[in-house]
Amino acid sequence: MTNGITEPELKNYFTSMSDFSKFAPLLPAMRDAGSAVMDAFRGGFSVKRKPDDTPVTSADLESDRILTAALRAAFPEIPVVSEETAKDSWTVRRAWKKFFLVDPIDGTSEFVAHRNDFTLNIALVENGFVTLGLVGAPATDELFIGCGNAASVLKLSDPDIRLSKPLRH
């Protein structure tokens, strides 16, 4: 038993999660956030320091705005925690059984240094397990998706981004 879920329940849950279709609205949001981040990467961005002395850029904030707005519009019943705009206290968040976790630019220091190894990340966390992951790598134009026991890689900048076939097991 893990997090109150038995092994058979967990296996059944992950198998049912391999149907990605209900998460399809996130694909254009990842594309749009990736495009905005690359526009800033090529054209310029501002940098500030957070209280923990790590950088945050205008691109982080724009990516955050795009991703969190899409999540809240498509899944208003699921709370969103973002590295850049976390508002709910730990006391509130620890009671959540299901939430989206967003890092609008993972690798901000690399982004600031104009290195290509940064990503945009969305995870769906349920009962302590990540059941969905989207990792956009705009510098290499890739979008990695994992859902349940299936995965896929798409071209992030595709204007008609969608899954043309089921996720691969």
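His114 is partly exposed, with a relative accessibility of 45%; buried means under 20% relative accessible area, exposed over 50%, and partly exposed in between (1.4 Å probe, protein chains only). The model is predicted: local features need pLDDT of at least 70, side-chain atom pairs count only at pLDDT 80 or more, and totals for chains, interfaces and linings use all residues. Residues are numbered from 1 along each chain as its sequence is written, and side-chain values use heavy atoms, leaving out hydrogens and water.

Most residues other than glycine have a negative phi. Helices (H or I, at least four residues) and strands (E, at least two) are DSSP runs, numbered from the N terminus.

Next, the core. A nonpolar core is a set of buried Ala, Val, Leu, Ile, Met, Phe, Trp, Tyr and Cys residues joined through side-chain atoms within 4.5 Å. The largest has 33 residues, and Phe100 and Leu134 touch the most other members. Elements giving two or more residues include helix H2 (26-43), helix H3 (58-74) and strand E4 (98-106). H2 gives the most, with ten residues.

H3 has 17 residues and spans 24 Å from first C-alpha to last. That is close to the expected 24 Å, which is 1.5 Å times one less than the number of residues. Its buried residues include Ile66, Leu67 and Leu71. Among the elements covering the buried residues of H3 are H2, E4 and H5, with contact meaning heavy atoms within 4.5 Å. At the start of H3, a side-chain oxygen of Thr57 lies within 3.2 Å of the backbone nitrogen of Ala59.

Technical notes:
A polar contact is a pair of N or O atoms within 3.5 Å; within protein, one must be able to donate a hydrogen and the other to accept it, and residues adjacent in sequence count only if both atoms are side-chain atoms.
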